[in-house]
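Visitor: I would like to learn how to read a protein model, one feature at a time. Where do we start?

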Amino acid sequence: MKKLILFSVLISILSCKKTDDKSVESKILKELPKEAEVKTFNKEVEVELPEYSLIKKENISVKTSMDADAPLNKKFAFKYLVSNKITREQIEPLLTKLIENIISEDYDIDDLTIWLYSDKNLINGSYDVAMATYSPSKGEVTKEIAVSNNKTSYVANFLIADNFEEHLKNESEKKSSLGLSYDLRKKIYQELANTETRAREKLDKIYPYTTNFDTDNYAKKLDELSKKYEKEISKKYKIDDEAVKSIYQEGDQKGWFNY
């Protein structure tokens, strides 16, 4: 889903919810900038959010203390898949938007963590894009906070993965080179690298080594049969000679040898 939003560091979010149906107070997610910095930071910037989708929601709630009557700290972790085209400038607006949406839908959540991933296969590990937390500034959900739902002390904190741009760029290149996936290029390389071994195994049966072994003829036949196998692989994967050369070079550089 793509949306255009107006993003400012002075972002408002739901605060202390009243039981008498009065208007919900606004809450600034981040600490206010220093007075001298207000003119710089308090600017609305149009940001296009990247595509994203929820892939996992985890309930990790715990009691606020060991007391038998202690209220529950309603704690959740949300994991999202985002486009690998995401930029650094889009991360904070996206995380802010997600926090707003989640808290708006379930104001009883006391402690919130959001993880952003570029690959759904990574969701059981640490985020590779960014993460955010939304919790009391002192980091602890007390009994009073859990009971009252008073979020006036809450702040949002954002963490961006180290070198995430380089990581996403490398992953994108892996998937897009020659129009072939990374795994497929690696598979083709290993088949290409195995052509001489295949040819040698066949020729050794036809031309067993003897005292009068014709080395030059064997080498010629080996080259011819290796090239024949290479052509078969090119036809199998519908790639031309330039693609074969490129895959050879990439595989040699990245050590795709299948020993």
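Guide: Start with the secondary structure: this chain has eight helices and eleven strands. Keep in mind that the model is predicted.

Visitor: How much of the chain is buried?

Guide: Of its 259 residues, 35% count as buried. The accessible surface of the chain is about 16500 Å², and carbon and sulfur atoms hold 48% of that area. Another thing to look at is sequence separation. Taking contacts between residues at least 6 apart in sequence, 64% join residues at least 24 apart.

Visitor: Now the strands. In which sense do β8 and β9 pair, parallel or antiparallel?

Guide: β8 and β9 pair in the parallel sense, over seven bridges. In this pair, Phe 76 stands opposite Leu 112 of β9.

Visitor: And what is on from there? In which sense do β9 and β10 pair?

Guide: Strand β9, residues 111-117, pairs with β10 in the antiparallel sense over five bridges. Leu 116 has Ala 130 of β10 as its bridge partner. β10 also pairs with β11, again antiparallel, over seven bridges. Ala 130 turns up here too, with Ile 160 of β11 as its bridge partner.

Visitor: How should I think about the side chains of a strand?

Guide: In a regular strand, side chains alternate between the two faces of the sheet. Six of the seven residues of β9 are buried, so the strand is largely enclosed by the rest of the structure. Strand β10, residues 130-136, is mostly covered, with six of its seven residues buried.

Visitor: Which residues is Ser 126 in contact with, beyond its neighbours within four places in sequence?

Guide: Ser 126 sits in the loop between β9 and β10. Leaving those neighbours aside, its contacts are Trp 115 and Tyr 117. Trp 115 is eleven residues away along the chain, and the two C-alpha atoms are 8.2 Å apart.

Visitor: Is Asn 149 buried or exposed? And Asn 163, buried or exposed?

Guide: Asn 149 counts as buried because its relative accessibility is 12%, below the 20% cut-off. Asn 163 counts as exposed because its relative accessibility is 53%, above the 50% cut-off.

Visitor: Which elements supply the lining, and what kinds of residue does it contain?

Guide: β5, β8 and α2 each supply at least two lining residues. By type, the lining has eight nonpolar, two polar and three charged residues. Note that β8 is one of the elements of this lining and also the parallel partner of β9.

Methods: Residues are numbered from 1 along each chain as its sequence is written. This is a predicted model: local features need pLDDT of at least 70, side-chain atom pairs count only at pLDDT 80 or more; totals for chains, interfaces and linings use all residues. Side-chain values use heavy atoms; hydrogens and water are left out. Helices (H or I, at least four residues) and strands (E, at least two) are DSSP runs, numbered from the N terminus. Ala, Val, Leu, Ile, Met, Phe, Trp, Tyr, Cys and Pro count as nonpolar, Asp, Glu, Lys and Arg as charged, and the others, Gly among them, as polar. Buried means under 20% relative accessible area, exposed over 50%, partly exposed in between (1.4 Å probe, protein chains only). Two strands pair if DSSP finds at least two bridges between them. Contact means heavy atoms within 4.5 Å. Accessible areas come from the Shrake-Rupley method with a 1.4 Å probe; for residues, only the protein chains shown count as cover.
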